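Thanks for coming. I will go through one structure this morning, starting with its aromatic residues and ending with its pocket.

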Amino acid sequence: MAKLPKYRSKLEARVAVGLDGWGYESEKMKYTIHRTYNPDFIKGNIYIEVKGFFRSGDTQKYKAIHLQMLKEGKILVFVWSKPHARLRKGSKLTNATWCDKHDIKWFASDQLKELNKW
């Protein structure tokens, strides 16, 4: 007897009983949500986002913005008020380490001279 897959809900399990020959979550599909982004500061191909913290959903948003900018030859740079603050309660990542993980340049808000030199 074939082992039944685990379903994410009781409703899915009930529906599966009535379907014959259907694959359950047998494919993954990428999709794009088109949005607009209004950077805080722009100079040439460098776009600065000034942040105090990430709100819910921001990490996915800025990762997507960063990847789109790379395709267009643009550079996303964060200026953090608290670069070493945790992304969220219980997270091992800080704002700075999240940027490092995704190869996004960042500066602390007290490093504006360094940013201007860069």
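Tyrosine 37 is partly exposed, with a relative accessible area of 23%; buried here means under 20%, exposed over 50%, and partly exposed in between, with a 1.4 Å probe and protein chains only. Before I go on: this is a predicted model, where local features need pLDDT of at least 70, side-chain atom pairs count only at pLDDT 80 or more, and totals for chains, interfaces and linings use all residues. Residues are numbered from 1 along each chain as its sequence is written, and side-chain values use heavy atoms, with hydrogens and water left out.

How many aromatic pairs does the structure hold? There are 10 aromatic pairs. Rings of Phe, Tyr and Trp (its six-membered ring) pair if their centres lie within 6.5 Å; planes under 30 degrees apart are stacked, over 60 edge-to-face, and the rest tilted.

Tyrosine 37 and tyrosine 62 make an edge-to-face pair, 6.0 Å centre to centre with 85° between the planes. Tyrosine 37 sits in the loop between α1 (10–18) and β1 (41–43), and tyrosine 62 in helix α2, so this pair ties together parts that are 25 residues apart in sequence. Helices (H or I, at least four residues) and strands (E, at least two) are DSSP runs, numbered from the N terminus. Tyrosine 62 is buried, at 3% relative accessible area.

Phenylalanine 54 is in the loop between β2 (46–51) and α2, tryptophan 98 in helix α3 (residues 95–101), so the parts tied together are 44 residues apart in sequence. Both are buried: phenylalanine 54 has a relative accessible area of 7%, tryptophan 98 one of 5%.

The largest pocket holds about 980 Å³ of space. It has 21 lining residues, and Thr32, Ile33, Lys61, Ala64 and Ile65 are the closest to its centre. On a 1 Å grid over the protein atoms alone, a pocket is an open set of points with protein on both sides within 12 Å along at least five of seven lines; lining residues have an atom within 4 Å of a point. Helix α2 (residues 58–71) gives the most to the lining, 9 residues.

Last, confidence. The mean pLDDT, the predictor's confidence in each residue from 0 to 100, is 91 for the protein, and 96% of its residues reach 70 or more.

Methods:
1 Å grid on protein atoms, 1.4 Å probe; cavity = no way out; pocket = protein on both sides within 12 Å on 5 of 7 lines; lining within 4 Å. Points joined across faces, edges and corners; volume = space filled by probe spheres on them.
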